[in-house]
Amino acid sequence: MGRALINVPPKARKGQVIDIKALVSHPMETGYRTGPDGALVPRDIINRFLVTWNGQEIFSADLFPAIAANPYFAFTTIAQESGTITFRWFDDKGNAQVETAAIVVE
Amino acid sequence: MIASRKSLLTPNRRGLLAAGGGLVGLLALRPAHATASAMQEAMKAFCAGVTPQAGRVTLDIPPLVENGNSVPLTVRVEAAMTAQEHVRRIGVFNERNPQPNIAVFHLNARSGRAEVATRIRLGDSQIIAAIAELSDGSLWTATAELVVTLPACVES
């Protein structure tokens, strides 16, 4: 897959609600468009987005072709302990892109 | 002899009706748009037998969209987001894209706020609906109507 942009605050107080934003470059080909030869371009989308904090799920989404290209998500979570936030994007071909962000909770 | 020739050349009423029926069938087969009934069915599948109540959900989406390829959407749900009361799932549905589903977001007691933002595609001016499932099993819903000037999925 492509480049990912992740916005996670580097530091947070324990119990604070933090904003997380994630974007990955992906065409999200719907399977309903025709190519230059007139044939349908086969579907290729990210169908699942999963975010874990030290292994525990904090947010996930099941996606359909109606999600715009370069899928972007913004959500919140409560900071509990220092560690790693892992972002995983799964596409139709069975590939997964994994990105991580470190956060210190005081 | 003359009568049979006439029936061969001039299209009679029965033949016309049959041809017309075939044409309607062809049009119906085109996978152009999800219909309102497909949307209702997708929403029913999400609800799994529980009737959603109106309220508590806010759909933040521009009422007039210039480009359907990327439409900012924010869904908010009024919920305490504690272990006792939190949002488990939020389903977003559309009426007139090729598929009725847009996304299903999974939240939990640790989410802090029941608020998710993303960007979606819209193939036509239509109605968007969101359903939120709370931890007590209750379902809440909201709809938003919007106009799309340049729909998605038209360019090749």
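Predicted model: local features only at pLDDT ≥ 70, side-chain atom pairs only at ≥ 80, totals over all residues.
Colleague: How much of chain B is buried?
Modeller: Of the 156 residues in chain B, 37% are buried.

Colleague: And what share of the contacts in chain B is between residues 24 or more positions apart?
Modeller: Counting contacts with a separation of 6 or more, such residues account for 72%.

Colleague: Let's take helix 3 of chain B. Which of its residues are buried?
Modeller: Met39(B), Ala42(B) and Phe46(B) are buried in helix 3 of chain B. Viewed down the helix axis, the buried residues fall within an arc of 65°, so they line one face of the helix.

Colleague: What do those buried residues pack against?
Modeller: They pack against three strands of chain B: strand 5 (87-94), strand 6 and strand 8 (126-134).

Colleague: Which exposed residues are on the face turned away?
Modeller: That face of helix 3 carries Ser37(B), Lys44(B) and Ala45(B).

Colleague: How does the span of helix 3 come out?
Modeller: Helix 3 covers residues 36-47, which is 12 residues, and at 1.5 Å a residue it should span 16 Å. The end C-alpha atoms are 16 Å apart, which agrees.

Colleague: What comes just after helix 3 of chain B?
Modeller: Ala48(B), which takes a positive phi of about 50°.

Colleague: On to strand 4 of chain B. Is it mostly covered or mostly open?
Modeller: Strand 4 (residues 71-77) is mostly covered, with five of its seven residues buried.

Colleague: Which strands is strand 4 joined to?
Modeller: Strand 2 (residues 57-60) of chain B runs antiparallel to strand 4, with four bridges between them. Thr58(B) has Arg76(B) as its bridge partner. Strand 7 of chain B also runs antiparallel to strand 4, joined by six bridges. Here Pro72(B) stands opposite Arg119(B).

Colleague: Now the other chain. How many residues does each chain bring to the contact?
Modeller: The contact takes 26 residues from chain B and 24 residues from chain A. On the chain B side, strand 6 (101-106) and strand 7 (115-120) each supply at least two residues.

Colleague: What kinds of residue are on that side of chain B?
Modeller: They divide into 10 nonpolar, 11 polar and five charged.

Colleague: Which strands pair across the two chains?
Modeller: Strand 6 (residues 72-78) of chain A pairs with strand 7 of chain B in the antiparallel sense, over two bridges. Phe73(A) stands opposite Thr118(B) in strand 7 of chain B.

Technical notes. Residues numbered from 1 in each chain as written. Chains lettered and ligands numbered in written order. Contact = placed C-beta atoms within 7 Å. Nonpolar A, V, L, I, M, F, W, Y, C, P; charged D, E, K, R; others polar. Pairing = 2+ DSSP bridges. Expected span 1.5 Å × (residues − 1). Buried ≥ 20, exposed ≤ 12 C-beta atoms within 10 Å, placed from the backbone. Arc of directions from axis to C-beta.
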